[in-house]
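This report looks at charged side chains that pair with one another.

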Amino acid sequence: MNILITSAGRRVSLVRSFQKELKGTYPNSKVYAADAEPLLSAACQIADGFFKVARLDDPNYIEDLIGFCKLHDIKLVIPTIDTELLELAKNKEIFTQEGIEVVISSADFVSKCRNKRVIHEFFIEHNVNVAKEYAKDNYELPLFIKPIDGSRSVDTYIIKAEEELIDYHFTNNKLMFLEYLDHDDFDEFTCDLYFSKDHNLRCVVPRKRLEVRDGEVYKALTSNNVLVSYLKKNLKHITGAAGCLTAQFFVHKNDSEKIYAIEINPRFGGGYPLSYLSGANFSKWIIEEYLLNKTIGDQFESWESDLLMIRYDDEVLVHGYKG
């Protein structure tokens, strides 16, 4: 009953969480990791084993991944980055036929999440507010610009003066002009959402983003706030949603009814270790659902609120490295 974490990179805490929970049930089982550069991946080095994965655009990518899973008796695959999600979702059935479960949402839902404009439409259909999108010839300042398929805050801009706009902003069709939600007025939260196999929401952990580096949270605080009841009401069931999803929201500091959704990423987020350590044990629930065929009930009260996470840099040493 081994597990594979793909595109492991720096996700040491995620690997360790699955090692702890898996070995509590199957003491001899292993958690493997895959990465394009595994020798330079901290998560690969602390995993029970690793292998080098081909690029996503390699025609042998899926075949190689399945081959590795079969060779090492891997029964569960946990994807971690946006660029691999759609390919794995489209090929989920091929893995299933080999006795391997990929914990991922449906290809249709993943496609919606990958397009920020489409996911805005999804939110509106579920009575969740989103920031207004402007036409590029009819906008109001200040505004926020981001790509429809972006991640890690790449190619995003806060525009407060007309002279800050350049031709690139207007001619790049991937860039959206959006209403600017000022951090002086709004608190930003990333919510870890757990969806069971029946696509029902079982847990919500809002994490207030206090400090972010390169798109990943470094200081955060769990908060049992209005977002829990709001999401239980409006996103209680999402067709195709499964496992861990991370969703971003802005909540007005003086009017908690002013809630704006930003995006959903249908995967584990970089801040999941805080939710895990607070008691929201997504890693355990995945093992129970997908390996033990247990039913996961509501877990909305399973975690500790007002838990502060302050991250710091640590070292992983590899002896005898020849590069």
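## An exposed pair

In this predicted model, Asp57 counts as exposed because its relative accessibility is 55%, and exposed means over 50%. Its salt-bridge partner is Arg55, with 3.0 Å from N to O. Arg55 is exposed as well, at a relative accessible area of 61%.

Side chains of opposite charge can pair when their charged atoms come close. By the distance rule used here, the model holds 19 salt bridges.

## A buried pair

Lys116 and Glu263 form a salt bridge through their side chains, at 3.7 Å from N to O. The two residues come from distant parts of the chain, 147 residues apart: Lys116 belongs to helix H7 (residues 116-125) and Glu263 to strand E14 (residues 259-265). Both Lys116 and Glu263 are buried.

## A pair within a network

Which residue forms a salt bridge with Arg202? The partner is Asp298, and the closest N and O atoms are 3.0 Å apart.

Asp298, at 45%, counts as partly exposed. Salt bridges with shared partners connect Arg202 and Asp298 with Asp198 and Lys236 in one network.

Terms used. Residues are numbered from 1 along each chain as its sequence is written. This is a predicted model: local features need pLDDT of at least 70, side-chain atom pairs count only at pLDDT 80 or more; totals for chains, interfaces and linings use all residues. Side-chain values use heavy atoms; hydrogens and water are left out. A salt bridge is a side-chain nitrogen of Lys or Arg within 4 Å of a carboxyl oxygen of Asp or Glu. Buried means under 20% relative accessible area, exposed over 50%, partly exposed in between (1.4 Å probe, protein chains only). Helices (H or I, at least four residues) and strands (E, at least two) are DSSP runs, numbered from the N terminus.
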